[in-house]
Amino acid sequence: KQEVTQIPAALSVPEGENLVLNCSFTDSAIYNLQWFRQDPGKGLTSLLLIQSSQREQTSGRLNASLDKSSGRSTLYIAASQPGDSATYLCAVIPNAGNNRKLIWGLGTSLAVNP
Amino acid sequence: DAGVIQSPRHEVTEMGQEVTLRCKPISGHDYLFWYRQTMMRGLELLIYFNNNVPIDDSGMPEDRFSAKMPNASFSTLKIQPSEPRDSAVYFCASSLARLAGELFFGEGSRLTVL
């Protein structure tokens, strides 16, 4: 059974710091992996989606990497800003046909302090 | 596009009452998902539809929960009778078939059952 774990559960950093959020999954046979951001009281916003054949995706200051063999993904945030404060969740789609059921981590709550 | 629209944003009700949550997906999206989010369990998929047809409802907690999608632009999640343990944030999300995993979320309906 696929399980997704995110460590740490919470992180507090000073503004300007580069940081890495971690996501691990137990079954390397995934279809894709996606990183989401959730602001308090809001829905989730998709940040980056990595297909199983890809190693990384970049969007602005964000870079997500995927290593299927080790069951790991990282979300790198460069030059963090207070506006980056949010909860970051990763989710995988298991490699099972037309399955659309994402398996979710519990998220990392990030606070960037000015 | 206005995005995924959910109503109500907040609902406070008493145990035993019927609760109906509503969702309008993004126009043209052919998948619709209902999620529940709590601090303890994170995001849980309750049910999802493809072209208005329920595909997987294995996440629906029990018979008190039901979901319908009468047309491509509207879905409801009903809880009858409600219980305090149903208190959570309920999210609706939609996606396109060709973009597996790229979900677009509404802002959620926060349900409190007293």
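Strands, like helices, are DSSP runs numbered from the N terminus (E, at least two residues, for strands; H or I, at least four, for helices). With that in hand, let's work through some exercises.

This is a predicted model, in which local features need pLDDT of at least 70 and side-chain atom pairs count only at pLDDT 80 or more, while totals for chains, interfaces and linings use all residues. Residues are numbered from 1 along each chain as its sequence is written, chains are lettered from A and ligands numbered from 1 in the order in which they are written, and side-chain values use heavy atoms, with hydrogens and water left out.

**Exercise 1. Place A67(B) in its chain and list what it touches.**

Step 1: A67(B) belongs to strand β7 of chain B, residues 65-71.
Step 2: Leaving out residues up to four places away in sequence, A67(B) touches W34(B), I47(B), F49(B), M60(B), T76(B) and L77(B); contact here means heavy atoms within 4.5 Å.
Step 3: L21(B) is 46 residues from A67(B) in sequence, and their C-alpha atoms are 9.3 Å apart.

**Exercise 2. Work out the strand order of the open sheet in chain B, and find its edges.**

Step 1: The four strands follow the order β1-β3-β8-β7 (chain B), with antiparallel pairing; two strands pair if DSSP finds at least two bridges between them.
Step 2: β1 (5-7) and β7 of chain B are the edge strands, each having a single partner, so one side of each lacks a neighbour in the sheet.
Step 3: Neighbouring strands are turned by 15° against each other on average, direction ignored; the axes are lines fitted to C-alpha atoms (for helices, over the stretch in contact), with angles from 0 to 180 degrees between N-to-C directions.
Step 4: Inside the sheet, β3 (residues 19-24) and β8 (residues 74-79) of chain B run antiparallel and are joined by five bridges. V19(B) stands opposite I79(B) in β8(B).

**Exercise 3. Trace the open sheet of chain A from edge to edge.**

Step 1: Five strands pair in the antiparallel sense, in the order β1-β3-β8-β7-β6 (chain A).
Step 2: The edges are β1 (4-7) and β6 (56-59) of chain A; each has a single partner strand, so one side of each is left without a neighbour in the sheet.
Step 3: β6(A) and β7(A) form a hairpin with two residues between them, and G60(A) in the turn has a positive phi of about 60°.

**Exercise 4. Describe the contact between chain A and chain B.**

Step 1: Chain A gives 20 residues and chain B 23 residues.
Step 2: Together they bury about 1700 Å², 54% of it on carbon and sulfur atoms; buried area is the accessible area (1.4 Å probe) that two parts lose on being put together, summed over both.
Step 3: R100(A), K101(A) and W104(A) lose the most area in chain A, together 38% of what that side buries.
Step 4: There are two salt bridges between the chains, a salt bridge being a side-chain nitrogen of Lys or Arg within 4 Å of a carboxyl oxygen of Asp or Glu. One of them joins D56(B) and K101(A), with the closest N and O atoms 3.2 Å apart.
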